[in-house]
Amino acid sequence: MRDISPLGSMLEKYQCKNDAERRDALREIVQELALLGLSRTSFFSHAAFYGGTALRIFHGLERFSEYLDFSLLKPMPDFRVDDYLEPVRDELAAWGFEMKVERKVKTTESAVQSAFIKGGTLIHLVKIASINPPVAGISPHEQLKVKLEIDTDPPGGAGYEVKYRLNPLPFSAKLYDRPSLFAGKIHALLCRGWKKCVKGRDFFDYLWYLSHDIPVNALHLEARMRQSGHLVEQKPLGRKDILGLIEQRMTVVDFDQVKKDIIPYIKDTRSIELWSPEFFNAVSREHLQTM
């Protein structure tokens, strides 16, 4: 049996066929190392992991994801993401990753604090993938970036669970539970400002929840929509209301743009061939009405 390092073993699980796939796998390994670093601190006593990357790492979502999204368990005006960046940097360094971990300085007031993990893509692929430069399509100067975002003024009504990972070392993380994750995804699907870039990832993730029969935490969805100003009526948000909002949203979606956005994040594009307003409305009615 070959002697494979923990990181090499993690990379092998991706079964990468080319260097573009190795680049995506490297980004996700960095994400997991960052989570490991955060787990060694008090971070998860104050915050929970959510979003597409949480769904991929802990629930097997089959698409690549770029961000690490977190939400505090309750508002903390004095929270500082800076307090947790050094442990992340130290964890990466302990595994041989020479990366900068820095807070993003914002020019406008926001409840969301951000930071970036940055490092050379090629040098780290050489370290863990045993490939020799030059590598087609990857510049020696290319920077791998992973963004961390923490919502310090979270909407209420979310549920939480603790999940475990065994690689690269056993660790635990606090996550939104799946109904609350689904509520966050429906909020993104209904309320995200697309401008010129529709997020196909929202549609892909939405179908994942439907296919796994995950119920919606309607209380948390309502809190999110009220906080973002997309719900002003006083009556509680019911199942029929959610379905009606989804069907209304589908009338303004450009599905050519949706498919174009998701293609770089998935391996099998056959899964998106049926995507259309009619398709999403049909599967939404079938699944949401029974939840």
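Here are some questions and answers on the predicted model shown above.

Me: What kind of model is this, and which pLDDT do side-chain atom pairs need?
Reply: Residues are numbered from 1 along each chain as its sequence is written, and side-chain values use heavy atoms, with hydrogens and water left out. The model is predicted; totals for chains, interfaces and linings use all residues, local features need pLDDT of at least 70, and side-chain atom pairs count only at pLDDT 80 or more.

Me: How many helices and strands does the chain have?
Reply: Helices (H or I, at least four residues) and strands (E, at least two) are DSSP runs, numbered from the N terminus. The chain comes to 12 helices and seven strands.

Me: Why does the chain count as being as compact as a globular protein of its length?
Reply: The radius of gyration is taken over C-alpha atoms, and the globule rule is 2.2 Å times the number of residues to the power 0.38. For 291 residues that rule gives 19 Å. The chain is as compact as a globular protein of that length because its radius of gyration is close to that, at 20 Å.

Me: What share of the residues is buried?
Reply: Buried means under 20% relative accessible area, exposed over 50%, and partly exposed in between (1.4 Å probe, protein chains only). Of the 291 residues in the chain, the buried share is 50%.

Me: What share of the contacts between residues at least 6 apart joins residues at least 24 apart?
Reply: Contact means heavy atoms within 4.5 Å. Take the contacts between residues at least 6 apart in sequence; the share joining residues at least 24 apart is 70%.

Me: Which backbone oxygen lies 2.8 Å from a polar atom of the His220 side chain?
Reply: His220 sits in helix α9, residues 218-227. His220 counts as buried because its relative accessibility is 0%. Beyond four places in sequence, His220 touches residues including Pro155, Tyr176 and Ser180. The backbone oxygen at 2.8 Å belongs to Gly156.

Me: How are the rings of Tyr206 and Phe280 arranged?
Reply: Rings of Phe, Tyr and Trp (its six-membered ring) pair if their centres lie within 6.5 Å; planes under 30 degrees apart count as stacked, over 60 as edge-to-face and the rest as tilted. The whole structure has 19 aromatic pairs. Tyr206 and Phe280 form one with 6.3 Å centre to centre and 25° between the planes, so the pair is stacked.

Me: How many residues apart are Tyr206 and Phe280?
Reply: Tyr206 is in helix α8 (residues 200-211), and Phe280 is in helix α12 (residues 277-288). Tyr206 is buried at 0% relative accessible area, and Phe280 is buried at 0% too. The pair links distant parts of the chain, 74 residues apart.

Me: Which residue lies over the face of Phe116?
Reply: A charge sits over a ring if NZ of Lys or CZ of Arg is within 6 Å of the ring centre and within 35 degrees of the ring normal. Here the distance from the ring centre is 5.5 Å. The residue is Lys118.

Me: Where does Thr152 lie, and which backbone oxygen is 2.6 Å from a polar atom of its side chain?
Reply: Thr152 lies in the loop between β5 (143-151) and β6. Thr152 is buried, with a relative accessible area of 11%. Its contacts beyond four places in sequence include Leu72, Met76 and Phe79. The backbone oxygen at 2.6 Å is that of Ala111.

Me: Which residue does a cis peptide bond join to Asn167?
Reply: The residue lies in the loop between β6 (160-165) and β7 (171-176). Omega of the bond is about 0°. The residue is Pro168.

Me: What is the phi of Asp213?
Reply: Asp213 is in the loop between α8 and α9. At 54% relative accessibility, Asp213 counts as exposed. Its phi is positive in a residue other than glycine, near 55°.

Me: Is Gly193 buried or exposed?
Reply: Gly193 lies in the loop between α7 (178-191) and α8. Its relative accessible area is 61%, so Gly193 is exposed.

Terms used. A polar contact is a pair of N or O atoms within 3.5 Å; within protein, one must be able to donate a hydrogen and the other to accept it, and residues adjacent in sequence count only if both atoms are side-chain atoms.
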